[in-house]
Amino acid sequence: MQVKEILRVKGSRLLSIEPSGRAADAVGTMAKENLGSLVVLEQGRMVGMLSFHELLGAIASRGGSLGELKVGDIMVRDPVTAAPGMEVNDLRRTMLESGARYLPVIQDGKLLGVISFRDVAKAVLEEQD
């Protein structure tokens, strides 16, 4: 199974935020939409990823408050990415080795979607059934 098959089943719905956006607003969007990450876009181009991991770290280091902290201050710049033709076992290995729970899928510089560790587990399980 390849990444593109997981994306096809999952769909390519993407929610994003700008680096100048407030981290607190990102939390609101992620909670409302039941997401673990947001793609950070600047002028239509991916410049980073923001996940609950970065947000929790920021909350912990700031005494429980995000205040006016900007997304660009805590996002992961140049995140590890996946290609649509990547095999699932290679994807799992990449996620485990990098510690990334969410990988943007890029082809020819274009963002196609984001794959989560949960998406991978679900796809593998469905393939086995």
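This is a predicted model. I will start with Asp-25, which counts as partly exposed because its relative accessibility is 40%, between the limits of 20% and 50%. Asp-25 pairs with Arg-22 in a salt bridge, and the closest N and O atoms are 3.0 Å apart. Arg-22 is also partly exposed, at 27% relative accessibility.

What else does Arg-22 meet in a salt bridge? The side chain of Glu-68, with an N to O distance of 3.3 Å. Arg-22 sits in the loop between β1 and α2, while Glu-68 sits in the loop between α3 and α4, so this pair ties together parts 46 residues apart in sequence. Glu-68 is exposed, with a relative accessible area of 54%. Through shared partners, the salt bridges join Arg-22, Asp-25 and Glu-68 into one network. As a general point, side chains of opposite charge can pair when their charged atoms come close.

How many salt bridges does the structure hold? There are five. One of them is between the side chains of Lys-10 and Asp-119, at 2.9 Å from N to O. Lys-10 belongs to helix α1, residues 3–10, and Asp-119 to helix α6, residues 117–128, so here the parts tied together are 109 residues apart in sequence. Lys-10 is partly exposed at 39% relative accessibility, whereas Asp-119 is buried, with a relative accessible area of 13%.

Now the sheet. Four strands form an open sheet, ordered β1-β2-β3-β4, with mixed pairing. The edge strands, each pairing on one side only, are β1 at 16–17 and β4 at 76–77. In general, strands of a sheet pair through backbone hydrogen bonds, either parallel or antiparallel. For β3, residues 45–51, and β4, the sense is antiparallel, over two bridges. Which residue of β4 is the bridge partner of Met-49? That is Val-76.

Helix α3, residues 52–61, lies across β3 and β4 and runs at about 60° to β3.

The largest one has 15 residues, and the members touching the most others are Val-40, Leu-50, Leu-55, Val-71 and Ile-74. At least two residues of this core come from each of α2, β2, β3, α3 and α4. Which element gives the most? Helix α2 does, with three residues.

Val-40 is worth a look on the screen. Leaving aside residues up to four places away in sequence, Val-40 has contacts that include Ile-17, Pro-19, Met-46, Met-49, Leu-50, Val-71 and Met-75. Glu-18 and Arg-45 are also among the residues that Val-40 touches.

There is also a second, separate core of 14 residues, including Val-3, Ile-6, Leu-7 and Val-105.

To go back to where I began, Asp-25 is one member of the salt-bridge network with Arg-22 and Glu-68. That is all I have.

Methods
Residues are numbered from 1 along each chain as its sequence is written. This is a predicted model: local features need pLDDT of at least 70, side-chain atom pairs count only at pLDDT 80 or more; totals for chains, interfaces and linings use all residues. Side-chain values use heavy atoms; hydrogens and water are left out. Two strands pair if DSSP finds at least two bridges between them. Contact means heavy atoms within 4.5 Å. Axes are lines fitted to C-alpha atoms, for helices over the stretch in contact, and angles run from 0 to 180 degrees between N-to-C directions. A salt bridge is a side-chain nitrogen of Lys or Arg within 4 Å of a carboxyl oxygen of Asp or Glu. Buried means under 20% relative accessible area, exposed over 50%, partly exposed in between (1.4 Å probe, protein chains only). A nonpolar core is a set of buried Ala, Val, Leu, Ile, Met, Phe, Trp, Tyr and Cys residues joined through side-chain atoms within 4.5 Å.
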